[in-house]
Amino acid sequence: MTKVMYSISAALALASNAFLVSLLFMPDPAPVQSHLWPKPASTCQGHRTIQLSKHFKFRLPDDVHPRLAAGAARLRNRIRSSDFQSPVPVDPSLLAKEDRSEVESLELKTIRVEVEESISNEPLSLETDESYRILIGVDEEDPNTPFEIDEDLCKHILKSATPIAGVQGTIHAKTMYGALRAMETFSQLVVNNQEDGTKEIPRTPIVIHDRPLFAHRGLLVDSSRNFLSMSALYKTLDAMVMNKLNVLHWHIADSQSFPIALDDQPSEELDDGEEIPGLPLSELAAKGAYSSSMVYSKRDIAKIVDYAMDRGIRVIPEIDMPGHAWSWSQAFPEITTCLDGYPSYSRFAAEPPSGQLNPVLPKTYEVLRGVYDQVVPLFKDRNFHAGADEVNINCWNTTESIVNLMEKKNIPRTEAGFDQILDNFVSNQHAMLRDGGKQPIVWEEPLLGHNLKTLADNKDVVIQVWTSSQNIKKAIKKGYKVIAGSADYWYLDCGYGDWLGNWTLGTSWCDYKGWQKIYSFNPLTGLSSNEAKSVIGGEALLWGEQVDETNLDTKLWPRASAAAEVLWSGNSEDSKTKLWNGPDQHDDTLRSIEALDRLNEHRFRMVSENIRAEPLQPLWCVRHPGHCLWPIYDTKPKDQAY
C-alpha cells in the first residue's frame, strides 16, 4: 500500500511540472476557480465566467424565518465587502477553457432561496436536514434528479444550459439550516477580479448537491483553564460557520475556574416564621473565577447561545464533575475533598489542582441542583455534557466521610464498591438534567472504565470517546451512540510542550497533530455498516491549559478545518463511505494531496475575515502547487501512514 500511495504522490508531483513552467511565462490570470471548503458532496461546473451584480441579493420566501433573513443579510454583506484574493494559482488548463467573452453581459442579480420548512421554529438537532442544492445558470432541476452527479449527468447539465442576459440562480433546501450552509458555499464561489474590482463567478453553469456525512460536527473550546472573552467566542463561532461545523462544545467550568455568574438562592420562610437562608451560589464565580472580569453572566451566555443559533450552531455546555472540581471548593469547601494535593497532586487528579465533589453528602446534591436550576435553562440544546471523566478513586478512598458511609452500608472498598458510589452520583446528576429536559453526554470512562447501573439502564446517554479511536467500537458494542474525536487524531492542544514547570523533558503527553494526520482520521474504521450508524459525528478538541484568546485562532485553524471536511464530506473520493480506511483500503486513496490547495486557499480566506489561521506552508509552496510533497526518490518515514 505504501508503494502504491507513494507512486500516486510522485505522479501528481511530476504532472505538475508543466503547470508550473507555464506559470513562469504568464501574467497574473483573471480568477477562474475557487477552492471550496469543505468540499461539497457532488459538483458539476462549466467554463463560463459571469459577473455578480453590485446590487445582488438573496430573494427569500415571504414567510421567511428571521434567522434565515439575518443569515442572508450577513452573507450578502460579507460577499459585498470581501476583497479576498487567493494566492493559489489557477490551473492553466482551466484558464484555457474559460469563456470570458460575455462576462459583462451575463450578470447574476438574484438567487432565489426556496426552503420547504422556511418558518419552522424547530431548533437544529441531529435530525435536522442540512442538505441543499445550488443551481447557477441552469434551468430548474427535475425533482427526481439523482443526488450524486456522475460524469454523464454533468455532461447533460452543461449541454442543456443556455446563457441568457439575466442569469438565474436558485438555492433549494428542506430547512433554513440547509439554506444557510448553501449561502456559505455560494460565498466561496464568488471571486474578486483584481483588475477592475468587479465580482465574478467563474466556471458556470454550476450545480452543487450537498449534504453532510455526520449530523454532529463539533468543536470543543475550554474557558476554564484560561478565560476566553465574548469576542473570542463570537469569532470562533464565525469561523465555525465558514467550515460548516454545527456544535460548539463549551467546556465552561473545570478545576481551575468556575466562571459562571449565578444568583444566590432566596431564603425560605418556614411556617413558624423562621427563615432558612438560600445557598450563596453567587460565590461560585465570586470565589472560583479568576477575577470579576473573567466571568460569564447569564446574559452573556444567552448572547452566545443566540449568536450561535443564528448561524446554525448548537451550543452544548459542560461543567465537569464529580472530578475536576477544585473551583467549587472556594465557595463550598464542605462538599469537596482532596483539595490541591501539592506537591503530589497526581495522587488525586490527572493535573493540578486536585479536587473532587464528595458524592455521599446531601449538601453536594443541594448545591448541584441549585447550579443546574439556573444553568440548564440558559442552553437551548437538548444535550448537556455531564463530564464524569478522570474520577480519582484514591481520592474517595482517603476521604473519611466516604469511607465511613461505605463501612456503614457494607460497601467494599474495592473497584466494584467505588463504582456504586460513582453510580449514585451519576444517577442523581442525570436525573437533574433529565428534569430540565436534557439528554446527558458523558466521556467514555463511566462506560468503559466503570460498571454503572445508571448507564446500563439508560442507553440514550451519548458517549464521547477521547482516549483512543479503538474505543469507538467498544462503546458501540455496548449499545450506545458515540461522538468521535480521540486524542490520537483530533486533540489540537497536543505537542506544544508540557506546562508543568519542572518537567525537564518538556514534552507534551500527546503528539502534535498536523492537518494531514487530522485529515486522515476515519471515525468509522473497523465498524460494520450497522455499527457505523451509531457514530453521530465527531469533535475537534482544543483544551485550554496553554490557550487563551491570544493564540486561540492559530491553534484552532486551519487544523480544525481538516476535521470539519472529514465530518462534512469525508476524505476519500473513491470510498463508498467517503472515508479513508488507511492501509486496508487498497483501491481507495486519501485525498489530502487534492485537499491541500483548497485548504491553503481556505486558510487565506479565513485570514481575510480576521481569523488568524496559521500558515500550512511557505508562501512559495502555496504559489507552486505540487512542488512541496514528500520527495519521490527519498525513503518515506515508516510511521507516516499517509
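**Close-up views of the predicted model**

**Figure 1. The second largest cavity has a volume of about 70 Å³.** The model shown here and in the other views is predicted. The lining of this second largest cavity is made up of Arg74, Leu75, Leu180, Arg181, Glu184, Val241 and Arg311. Two helices, H2 (66-81) and H5 (176-189), each contribute at least two residues to the lining of the second largest cavity. The largest contribution comes from H5, with three residues. By class, the lining of the second largest cavity comprises three nonpolar residues and four charged ones, with no polar residues.

Figure 2. Six of the lining residues of the largest cavity are polar, four are nonpolar and four are charged. Over the whole structure, the search finds three cavities of 30 Å³ or more.

**Figure 3. Cysteine 44 and cysteine 154 are joined by a disulfide.** The S to S distance in this pair is 2.0 Å. The link of cysteine 44 and cysteine 154 is right-handed, with 80° about the S-S bond. Cysteine 44 belongs to strand E1 (residues 42-59) and cysteine 154 to helix H4 (residues 151-160), so the pair ties together parts that are 110 residues apart in sequence. Both cysteine 44 and cysteine 154 are buried.

**Figure 4. A disulfide connects cysteine 338 and cysteine 395.** The sulfur atoms of cysteine 338 and cysteine 395 are 2.0 Å apart. About the S-S bond the angle is 105°, and the link of cysteine 338 and cysteine 395 is right-handed. Distant parts of the chain are linked by this pair, 57 residues apart: cysteine 338 sits in the loop between strand E12 (336-337) and strand E13 (356-357), and cysteine 395 in helix H11 (residues 393-397). Cysteine 338 and cysteine 395 are both buried.

**Figure 5. The disulfide of cysteine 494 and cysteine 510 is left-handed.** The sulfur atoms of cysteine 494 and cysteine 510 lie 1.7 Å apart. The disulfide of cysteine 494 and cysteine 510 is left-handed because the torsion about its S-S bond is about -80°. Cysteine 494 and cysteine 510 each lie in the loop between strand E17 (482-484) and helix H17 (515-519), so the pair ties together parts that are 16 residues apart in sequence. Cysteine 494 is buried, as is cysteine 510. In total the structure holds four disulfides. With bonded cysteines counted along the chain, the disulfides follow the pattern 1-2, 3-4, 5-6, 7-8.

**Figure 6. Strand E3 (residues 132-136) is mostly covered.** Five of the five residues of E3 are buried. Tyr132, Ile134 and Ile136 point one way from E3, while Arg133 and Leu135 point the other way; all are buried. E3 runs antiparallel to strand E6 (residues 199-210), and five bridges join the two.

**Figure 7. Glutamine 429 lies in helix H13 (residues 415-435).** The relative accessibility of glutamine 429 is 0%, so glutamine 429 counts as buried. Its side chain reaches the backbone oxygen of alanine 386, at a distance of 3.0 Å.

**Figure 8. Isoleucine 421 is also found in helix H13.** The relative accessible area of isoleucine 421 is 5%, so this residue is buried. The C-alpha atom of isoleucine 421 is separated by 9.9 Å from that of asparagine 358, and the two residues are 63 residues apart along the chain.

How values were computed: Residues are numbered from 1 along each chain as its sequence is written. Side-chain values use heavy atoms; hydrogens and water are left out. On a 1 Å grid over the protein atoms alone, a cavity is a set of points where a 1.4 Å probe fits but cannot get out, and a pocket is an open set with protein on both sides within 12 Å along at least five of seven lines; lining residues have an atom within 4 Å of a point. Grid points are joined across faces, edges and corners, and a volume is the space filled by probe spheres set on the points. Ala, Val, Leu, Ile, Met, Phe, Trp, Tyr, Cys and Pro count as nonpolar, Asp, Glu, Lys and Arg as charged, and the others, Gly among them, as polar. Helices (H or I, at least four residues) and strands (E, at least two) are DSSP runs, numbered from the N terminus. A disulfide is a pair of cysteine sulfur atoms within 2.5 Å. Buried means under 20% relative accessible area, exposed over 50%, partly exposed in between (1.4 Å probe, protein chains only). Two strands pair if DSSP finds at least two bridges between them. A polar contact is a pair of N or O atoms within 3.5 Å; within protein, one must be able to donate a hydrogen and the other to accept it, and residues adjacent in sequence count only if both atoms are side-chain atoms.
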